[in-house]
Amino acid sequence: MKKKSTALRLRGVTKSFAGLTALDSLDLDVKPGELVALLGPSGCGKTTALRIVAGLEKADSGKVLVRGEDITELPAHKRHMGMVFQQYSLFPNLTAEENAAFGLRMQGVGGAERKARALELLDLVGLSALAKRYPHEMSGGQQQRVALARALAVEPEVLLLDEPLSALDAKVRTSLREEIRRLQLELGTTTIFVTHDQEEAMAISDRVAVMSRGKIEQIDTPDVLYSNPASSFVASFVGNMNRIPAQFDGKHAHLLGGKAKVSNTDSAAPTSVVALVRPENIRLFKPAHNAKAVADATVLNRSFLGPVSQVTARTADGHVVSALLPTADTGDLHAGDAVAVELLAKQIMIEGSNA
Amino acid sequence: MKRLGFKLPSAGLFIAVLLAGVFVLLPLGSASEYSFRTPALGPGTYGWDNYAWFVSQPDFGTFITLSLLLAAVAAGITLLVLVPTVVWLNLRGQKLRPLMEFLTLLPLVIPVVALAIGAQTSLPVELQSNQYSLSFFYFVLALPYTYRTLDIGIRAIPLKTLSEAARSLGASQIKVIALVLAPVVRGAVIASVFLTIALSLGEFTLTSLLHWQTFTTWVTVISQSNILGAIALSVFTIVAAFALLLVVGLVSIRTKRRQVTEE
Ligand SMILES: Nc1ncnc2c1ncn2[C@@H]1O[C@H](COP(=O)(O)OP(=O)(O)OP(=O)(O)O)[C@@H](O)[C@H]1O
Ligand SMILES: [Mg+2]
């Protein structure tokens, strides 16, 4: 039973390069049809983990299992993984269609059938019109789509995407990531998506694994990660955070003229700490109509983001805070205005003040 | 990436071709005019006499054949030894690249005399008396050019990513080489083979220092007895070499078409 419920399982995977530990006993379970993002700062081992799954790199110790079967010793070309690389990796001497058909050709699928299948996949990624083009005749985004079609054509056990969008411009990146998600759901392909862009990870994943120094710090759904981070590292890596100096009394943090319960009491605790507060948990308003505990600040800037706006302000003791407010409430906030700052969060995380 | 086209504006291209044409064709034209003169029949007369003269020399065919063979063997060495080496360097021998850069410059730095004597004395005796050892020397002399041509061409291609992509798509090591690596390095390989052939056909110094006779050394000997014949012979050599490289080029374009439409 247990075996069937994991499509991919990593157990204690460790890898070092010349003494430097890239992966430190990594464990990961991915369910069939699930899209898991590996998210983390540069150099935390995301690519290494993916390459070990693909068989392009050999782990020093640990196991890789696919549907319960140990594939740790299996060479890359027998693993049935579909990989899309960060760099453009289409075969320059083959057309889009021939590229998409390459994996099937390796499997010995006949000419007519693989052509049909390649065209079907190019159609899925919206490129059937470019089937006869060579890679150098396509844009970066189109090349990555073909690479995606090529990886999906073999119906891989796991689709491995290593920052496939990082070389593309912002607009293409957003539309292509939606497309990847749509395709992935449509085909039910188990997928690992490596990225260091937290927004990208949160937008399209079933679960996000936040990595730091070769380990997974937390793996959860985007909502849980955002609202209930397991550590201050995760908290500040996922979403935006204000880092505001605060006083810690053993239970509550006092800041911005208010207080909030501290959820990570592990930082057992100097009195001077840094509080992590989400921009939507800070309210800025013209002081007249409220008598609650507040702090004074001066508006620095207001940027319109659509239904919400981001307003930054400098508090009386000199710290810059950033707040996310409904645009309707920001009409009377202008640079230079005196405002009141209110802490909305009941519960926050803190870090030692030297962090 | 491999179809490097010159993207000069057409006017610039035209001028460049024109200048190159004048530079190459003018001397060649004058030489040709001269080579067709037949002073024996009187001033202002033209004919094939000078060409007939060198073709009728008893060793003409022998030495042409020999030089072509030597060039072909040198090209073969480039293909079988240098190409795999450079591919390997680019895949996993990055650290050895500076050493290779240095080694392949040596043939330019070491005087040919030293190269000839040193190489000859260090060769095994059986090879010293084998004329095809010349092919090996030609290969070495061409190295400064062929290595760089290959390396620059191949470095521009992400060989590692391409072969990893192929492997993860189910290609065995052999298929990676045959279906991915070989086709993408073709352009650079053909260029370096060209260079080897051209250099081999024209090599004179080392050949004569080692007391071998090839087409080039034979030409210098025979030329001393007949000025007009010598000019005819040079015109012939230039045109023939050009035609040969053209044929090699056309053949490689043909095979490329075949590969692409093979599916
Ligand atoms: N082939 C290698 N040789 C030596 N060190 C390596 C090699 N590959 C990775 N490393 C090291 O291992 C660590 C993890 O690298 P990895 O490429 O997995 O990071 P990453 O999380 O993918 O980073 P990025 O977001 O920058 O791509 C890094 O410190 C890196 O320098
Ligand atoms: Mg990486």
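Modeller: Buried area is the accessible area that two parts lose on being put together, summed over both. The model discussed here is predicted.

Colleague: What area do chain A and chain B bury between them, and what part of it is on carbon and sulfur atoms?

Modeller: The contact draws 25 residues from chain A and 24 residues from chain B. Between them the two chains bury about 2300 Å², and the share on carbon and sulfur atoms is 61%.

Colleague: Which residues form the salt bridge across the interface of chain A and chain B?

Modeller: The rule finds one salt bridge across this interface. A side-chain nitrogen of Lys or Arg has to lie within 4 Å of a carboxyl oxygen of Asp or Glu. With the closest N and O atoms 2.7 Å apart, the pair is Arg51(A) and Glu164(B).

Colleague: Which element gives the largest share of the side of chain A that touches chain B?

Modeller: Between the chains, one residue pair is in polar contact, counting pairs with both residues at pLDDT 80 or more. On the side of chain A that touches chain B, two or more residues each come from β6 (81-84), α2 (96-106) and α4 (140-153) of chain A. The largest share is five residues, and the element that supplies them is α2(A).

Colleague: How do the residues of that side of chain A divide into nonpolar, polar and charged?

Modeller: The side in question is the one on chain A that touches chain B, to which α2(A) gives five residues. Its residues by class are 14 nonpolar, six polar and five charged.

Colleague: Which element gives the most to the shell around ligand 1?

Modeller: The residues surrounding ligand 1 include Phe17(A), Leu20(A), Ala22(A), Lys46(A), Thr47(A), Thr48(A), Glu163(A) and His196(A). At least two shell residues come from each of β2 (20-30) and α1 (46-54) of chain A. With three residues, the element that gives the most is α1(A).

Colleague: How many nonpolar, polar and charged residues does the shell around ligand 1 have?

Modeller: Ser42(A), Gly43(A), Cys44(A) and Gly45(A) are among the residues around the ligand. Gly counts as polar and Cys as nonpolar in this scheme. By class, the shell has four nonpolar, six polar and two charged residues.

Colleague: What percentage of the accessible area of ligand 1 does the protein cover?

Modeller: Oxygen atoms of ligand 1 lie 2.4 Å from a side-chain N or O atom of Ser42(A) and 2.7 Å from one of Lys46(A). At Gly43(A) a backbone N or O atom is 2.8 Å from a ligand oxygen. Of the 630 Å² of accessible area that ligand 1 has on its own, the protein covers 62%.

Colleague: How many helices and strands does chain B have?

Modeller: The C-alpha trace of chain B spans about 75 × 55 × 35 Å along its principal axes. From the N terminus on, its elements run α-α-α-α-α-α-α-α-α-α-α-α. The secondary structure comes to twelve helices and zero strands.

Key: Residues are numbered from 1 along each chain as its sequence is written. Chains are lettered from A and ligands numbered from 1 in the order in which they are written. This is a predicted model: local features need pLDDT of at least 70, side-chain atom pairs count only at pLDDT 80 or more; totals for chains, interfaces and linings use all residues. Side-chain values use heavy atoms; hydrogens and water are left out. A residue is near a molecule or strand if one of its heavy atoms lies within 4 Å of it. A polar contact is a pair of N or O atoms within 3.5 Å; within protein, one must be able to donate a hydrogen and the other to accept it, and residues adjacent in sequence count only if both atoms are side-chain atoms. Accessible areas come from the Shrake-Rupley method with a 1.4 Å probe; for residues, only the protein chains shown count as cover. Helices (H or I, at least four residues) and strands (E, at least two) are DSSP runs, numbered from the N terminus. Contact means heavy atoms within 4.5 Å. Buried area is the accessible area (1.4 Å probe) that two parts lose on being put together, summed over both.
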